[in-house]
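Welcome, and please open the model in your viewer. We will walk from one selection to the next and look at what is there.

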Amino acid sequence: MNGRITVQQLGKAYRQYPARWSRLAEWMLPFVGPLHRLHWVLQDVGFDIAPGESVGLIGVNGAGKSTLLKLITGTTQPSAGFVQAHGRVAALLELGLGFQPDFTGRQNVLVAGQLLGLGVDEVRALLPGILEFADIGDYIDQPVRVYSSGMQMRLAFAVATCVRPDVLIVDEALAVGDVFFQQKCFARIESFTKAGTTLLFVSHSAGTVLNICDRCIFLRNGRVAFDGAPADALDLYQAELLGRLDQAPDGITVQNGEPAPVPAGMAALAGKTGSITTPLADCVGVRLIDQHGNERNALLADQRATLQIDYLLHQAADDPHVGFKIRNRFGAVLYETNSYCMRQAPGPVPAGSVLTAQFTMPLALFPDEYTITVGLGDGGYGEGSFRQVLNYLHEVTSFAVLQNPDSPVWSGLVNLAPQLRLSKH
Ligand SMILES: Nc1ncnc2c1ncn2[C@@H]1O[C@H](COP(=O)(O)OP(=O)(O)OP(=O)(O)O)[C@@H](O)[C@H]1O
């Protein structure tokens, strides 16, 4: 049945030779007998993934995740056992590797599309959508060798996902391009899974696995150590990362990193995926200012920063309110608020005036890239709804949070900055 992945007693071994010349010696002197030993990187792996399931695959470096994905896609052959993915399989593993450097992007799309099993006419019909998604402009008619690696990945992702596959295999380590493009990729992956595509997803991010997957396989030393609920698999994985799996697997829990729910009543702003512009107001500035008053797009974690948003009102507004939203690279909303929710109001603002809102806060975020969405509403009511949305700019800019050498070491999404008290009894 299309979309099913069957894996039975699967094993993969590589030959290991004691020295560089041994491979040659083994070949030239067969009577000496084998000089290699087999290094099993996957052993006795078995599972069945039903059509439409979203399954995470986790494990530390070297656990065998990439090898398993390559066996499923048929890029490499098993040494033992059986593996099959049924239906049309799209794999986002080594994106862009198949491109011919001297062909233009457009020519490569035609070739790559045919490798996916599409006819020339089908690829031509899909081309406008592919170009729109990749968004690399005139570069499409340049040879691929002049592309940046980000551009190659954009184009490769756009082609590989130009039709909905029955099985989608993604290695998140290849998370492509800038933060905006990553969000676009995740949105596309999500639309496929909603429409019934089976997803097998390698990830190191607990938040992403919990958001996307309904089941998770934890590989350890080339074997399936756990197959079941993502939260349990992540507990075990985290325990292995902490080096405690053998001692205390039950005593360790993982912060699941789920984004805070959107406050009730903010749907007027939060529910839109695109931007809204009206002739009533224009956003004329979104800037992040560090604690020394300098405008920056990269700031140190845990330091105070001010987000300044300036709106020029072309028409008088009775009760205007400014808001913002910060998302991470996976599109999760980490924080959002607006002046109405903060119980402050500038009062009526006449036409031609600029309304400036400054939100000052500690940037208690994990070092990474984030996007900012801003909005202006008029007439707040309820828990943060507006009679009228005057402007809403979805992901209008991005900024980076840099590691702060003065902060204690932590991981997760936000720095809860705990006060620690140790005692002995
Ligand atoms: N072609 C190869 N020849 C020999 N050994 C290999 C080969 N490919 C992979 N291995 C070995 O197989 C093991 C599993 O590698 P694999 O890349 O599948 O792990 P992984 O879980 O994907 O790791 P990572 O998270 O670092 O990508 C490793 O010990 C690796 O050195």
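**A sheet and its hairpin**

Start by selecting strand β11 (residues 281-289) and β12, which pair in the antiparallel sense over two bridges. Before going on, a word on the model: it is predicted, so to speak of a local feature takes pLDDT of at least 70, side-chain atom pairs count only at pLDDT 80 or more, and totals for chains, interfaces and linings use all residues. Residue numbers start from 1 along each chain, as its sequence is written. Strands (E, at least two residues) and helices (H or I, at least four) are DSSP runs, numbered from the N terminus, and two strands pair if DSSP finds at least two bridges between them.

Now pick Ile289, whose bridge partner in β12 is Glu295. The hairpin of β11 and β12 has five residues between the strands, and Gly293 there takes a positive phi near 85 degrees.

Select Val286 and you will find it opposite Ile309 in β14. To complete the picture, show the four strands of this open sheet in the order β12-β11-β14-β17, with antiparallel pairing. At its edges are β12 (295-296) and β17 (354-362), each pairing on one side only.

**A three-stranded sheet**

Move on to the open sheet with the order β2-β1-β4, where the pairing is antiparallel. Here β2 (37-49) and β4 (80-85) are the edge strands, each with pairing on one side only. On average, neighbouring strands of this sheet are turned by 30 degrees against each other, direction ignored.

Zoom in on strand β1 (residues 5-16) and β2: nine bridges pair them in the antiparallel sense. Tyr14 stands opposite His39 in β2.

**Packed helices**

Show helix α3 (residues 105-115) and α4, which pack at an angle of about 120 degrees with their axes 9 Å apart. Axes are lines fitted to C-alpha atoms, for helices over the stretch in contact, and angles run from 0 to 180 degrees between N-to-C directions. The angle makes α3 oblique to α4; under 35 degrees counts as roughly parallel, over 145 as roughly antiparallel, 65 to 115 as roughly perpendicular and the rest as oblique.

For the contact (C-beta atoms, placed from the backbone, within 7 Å), select Val109, Leu110, Gly113 and Gln114 of α3 with Val120, Val123, Leu126, Leu127 and Ile130 of α4. Seven of these contact residues are nonpolar, two polar and none charged.

Finally, the axes of helix α4 (residues 120-134) and helix α5 (residues 149-160) come within 8 Å and cross at roughly 140 degrees. That makes α4 oblique to α5. Select Ile130, Phe133 and Ala134 of α4 and Arg154, Leu155, Ala158 and Val159 of α5 to see their contact, with six nonpolar, no polar and one charged residues.

Technical notes:
Two residues are in contact if their C-beta atoms, placed from the backbone, lie within 7 Å. Ala, Val, Leu, Ile, Met, Phe, Trp, Tyr, Cys and Pro count as nonpolar, Asp, Glu, Lys and Arg as charged, and the others, Gly among them, as polar.
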